[in-house]
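Dear colleague,

I am handing over a structure for you to look at, and my notes on what was found in it follow just below. Please read them with the coordinates open beside you.

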Amino acid sequence: DTEVALAAAQAAQGEAAAGLREAEKGSKAKAAGQAAAEELKKKAEHVLENFIGYNVLCFNSLRDKVSKPEGADSPAPATSASPAAAKSTTPFAAISASPPAGSEAL
């Protein structure tokens, strides 16, 4: 009976070791998949940030173009002392200069 119990215990140990190896393989594959997903997410966030910045820049350009007086066909001189002239025109500056959505004063 002890030999049968020993054989059963060894078989169970072998099955457990095989299960552990499979779990470790799955864990490594899952970790690699998670790293790839995080990299993809980071790239998508960067693309979205650039898209939003570009749209804000376009909106600001169109708004400025529409808000010009009728007789002002020439652009304002670059040496203007106005704060608007000092603003950077990069998309990231346009994002940081605009208030976040839903922050309007009530």
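A residue is called buried when its relative accessible area is under 20%, exposed when it is over 50%, and partly exposed in between, with a 1.4 Å probe and protein chains only. This is a predicted model, in which local features need pLDDT of at least 70 and side-chain atom pairs count only at pLDDT 80 or more, while totals for chains, interfaces and linings use all residues. Residues are numbered from 1 along each chain as its sequence is written, and side-chain values use heavy atoms, with hydrogens and water left out.

As to the overall picture, the chain has three helices and zero strands, where helices (H or I, at least four residues) and strands (E, at least two) are DSSP runs numbered from the N terminus, and the pattern along the sequence reads α-α-α. Of its 106 residues, 3% count as buried. The accessible surface of the chain is about 9,200 Å², of which 63% belongs to carbon and sulfur atoms; such areas come from the Shrake-Rupley method with a 1.4 Å probe, and for residues only the protein chains shown count as cover.

Turning to charged pairs, the structure holds three salt bridges, each defined as a side-chain nitrogen of Lys or Arg within 4 Å of a carboxyl oxygen of Asp or Glu. In one of them, Lys 25 meets Glu 22 at 3.7 Å, N to O, and these two residues lie three apart in helix H1, about one turn of the helix. Lys 25 is exposed at 55% relative accessibility, and Glu 22 is exposed at 52%.

Glu 45 and Lys 41 also form a salt bridge, at 3.9 Å from N to O; because they are four residues apart in helix H1, about one helical turn separates them. Here Glu 45 is partly exposed at 45%, whereas Lys 41 is exposed at 53%.

Arg 63 and Asp 64 make a salt bridge as well, with the closest N and O atoms 3.6 Å apart. Arg 63 counts as partly exposed because its relative accessibility is 42%, and Asp 64 is likewise partly exposed at 42%.

Finally, Leu 48, Phe 51 and Ile 52 form a nonpolar patch on the surface, with about 300 Å² of accessible area together. Patches are made of residues with over 30% relative accessible area and no salt bridge, like charges being joined within 9 Å and nonpolar side chains (Val, Leu, Ile, Met, Phe, Trp, Tyr) within 5 Å. Phe 51 lies in helix H1, residues 2–66, and is exposed, with a relative accessible area of 51%.

With kind regards
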